[in-house]
Amino acid sequence: MLPPRLSDRSRRKAGRSAVRARQERSEVKAKVASGQIYLFDLFGDERDSIKRMKLADLLQAVPGIGSKRAELIMARSEISKSRRLGGVGRRQIEALRQEFLLMKNAPREGKLLVVSGPSGVGKSTITNKLRGDERFWISVSATTREMRKGEKDGIDYHFVSNAIFDEMVSTNAFLEWASFAGARYGTPRLAVEQALSKGLNVILEIELDGARQVRKNSKDALLVFIEPPSWEELTTRLIKRGTESEQSTQARLIRAKEELSAAAEFDHVLINHQVDQSVSELVSLALR
C-alpha cells in the first residue's frame, strides 16, 4: 500500500520547516564557534531541530576541535558517532564534561595548512612573510634538485642526494612526496608532527600532487590554492624570475595550466593581487 500523497500546501509547509531547521542548526553552530553559546547548555534545548543535530557536527564547531579530536572525545565518552543531541544520556554528558576539562589543560594542537599553486604565483613570497611569527611554523621540504644561487640548506630546502631521498621514502619519513620538473620534493613527517603538537600552525608550501596526498592522509588539513591575477601576469613572473632555462619555463607553464584547473579541489582559493593582503587572508584562515 502506497503512503498518502502530500498536498501542495503540506509540501510547502514541510519545506519551510526544513529550511527553518537548517537555519536554526546553522545559527547554533555559529554561536558555539564564537563562544556565545556553551555547548552543554544545548542538551536542554527543546527545539526538535536542535535535538536532531548530530553531536559530532556540534563538537566540531567548538574552537580547537577538529573531526579527529571530536571522534576521540566521543569514543572516550562511549558515544556513538551517529548519536544526535537529544539521544545523549546524563552519564554520557558527564563523561563529555570530563573530556572538556582534560582538553582545557592540554596544549592546543595547531592547524595544518597546505599552500599550493603554479610556479611563479608567489607561494614562497607569501609564506616567507610569516617566518618569525610565533604562531606559525613553515615546513622546510627535502629536495633532490640542485641548490640555486642565494639559497641556503636547511632554510630554503633540505638538499639531499637521491640515495638519501630513497631511504626516507622507504622508511615512511615523508608526510608526502612528489616529482616535479625533474627533481623530487618531500615534507619530513616528524618535524611537522612535533610543531603541531606544540600548538603551532604549520604551513606546507607544496605542489599539487603533494597536496592531494595530504588531503588523503590528513583529513583535518586546510588546503589553500594561490591563483595569479591573470595568466599573462603568471607568464611574466616566470620569465622575469630568470632561474630556469627556456625549456624548463615552458614546461612549468604547461604544468601551471593543469594546476589551475585543479583549484576547485581546495578548501579556499586566494588570488595573489597583493602579497600583504594574501598574507592577511592566510592568517585569517589559520586562526578561525
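Me: Why does aspartate 267 count as partly exposed?

Reply: In this predicted model, aspartate 267 has a relative accessibility of 35%. Buried means under 20% and exposed means over 50%, with partly exposed in between, so aspartate 267 counts as partly exposed at 35%.

Me: What makes the contact of arginine 215 and aspartate 267 a salt bridge?

Reply: The side chains of arginine 215 and aspartate 267 meet at 2.9 Å, N to O. A salt bridge requires a side-chain nitrogen of Lys or Arg within 4 Å of a carboxyl oxygen of Asp or Glu, so the pair at 2.9 Å qualifies. The pair links distant parts of the chain, 52 residues apart: arginine 215 is in helix 9, and aspartate 267 is in the loop between helix 11 and strand 9. Arginine 215 is partly exposed, its relative accessible area being 26%.

Me: How do you know that arginine 212 and aspartate 209 form a salt bridge?

Reply: Their closest N and O atoms are 4.0 Å apart, and the cut-off is within 4 Å, so the pair is counted as a salt bridge. Both residues belong to helix 9, and because they are three residues apart there, about one helical turn separates them. Arginine 212 is partly exposed at 36%, and aspartate 209 is partly exposed at 29%. The two residues also belong to a network of salt bridges that includes Arg255, Glu258, Glu259 and Glu265.

Me: Why is glutamate 78 called exposed?

Reply: Glutamate 78 has a relative accessible area of 57%. Exposed means over 50%, so glutamate 78 is exposed. Its place is in the loop between helix 4 and helix 5. Glutamate 78 also has a positive phi of about 60°, although it is not a glycine.

Me: What does the salt bridge of glutamate 78 and arginine 91 tie together?

Reply: The side chains of glutamate 78 and arginine 91 meet in a salt bridge at 3.7 Å, N to O. Glutamate 78 lies in the loop and arginine 91 in helix 5, so the pair ties together parts that are 13 residues apart in sequence. Arginine 91 counts as exposed at 56% relative accessibility. A search of the whole structure finds 15 salt bridges.

Me: What makes the pair of glutamate 176 and threonine 187 a polar contact?

Reply: The side chains of glutamate 176 and threonine 187 are in contact at 2.5 Å.

Me: Why does asparagine 172 count as exposed?

Reply: Asparagine 172 has a relative accessible area of 51%, and exposed means over 50%, so asparagine 172 is exposed. It is found in the loop between helix 7 and strand 5, and its phi is near 60°, a positive value in a residue other than glycine.

Me: Which residues lie nearest the centre of the largest pocket?

Reply: Ile65, Gly66, Ser67, Lys111 and Asp220 lie nearest the centre, among the 34 residues that line the pocket. The largest share of the lining, five residues, comes from helix 8. The lining residues divide into 15 nonpolar, nine polar and ten charged.

Note on methods:
Residues are numbered from 1 along each chain as its sequence is written. This is a predicted model: local features need pLDDT of at least 70, side-chain atom pairs count only at pLDDT 80 or more; totals for chains, interfaces and linings use all residues. Side-chain values use heavy atoms; hydrogens and water are left out. On a 1 Å grid over the protein atoms alone, a cavity is a set of points where a 1.4 Å probe fits but cannot get out, and a pocket is an open set with protein on both sides within 12 Å along at least five of seven lines; lining residues have an atom within 4 Å of a point. Helices (H or I, at least four residues) and strands (E, at least two) are DSSP runs, numbered from the N terminus. Ala, Val, Leu, Ile, Met, Phe, Trp, Tyr, Cys and Pro count as nonpolar, Asp, Glu, Lys and Arg as charged, and the others, Gly among them, as polar. Buried means under 20% relative accessible area, exposed over 50%, partly exposed in between (1.4 Å probe, protein chains only). A polar contact is a pair of N or O atoms within 3.5 Å; within protein, one must be able to donate a hydrogen and the other to accept it, and residues adjacent in sequence count only if both atoms are side-chain atoms.
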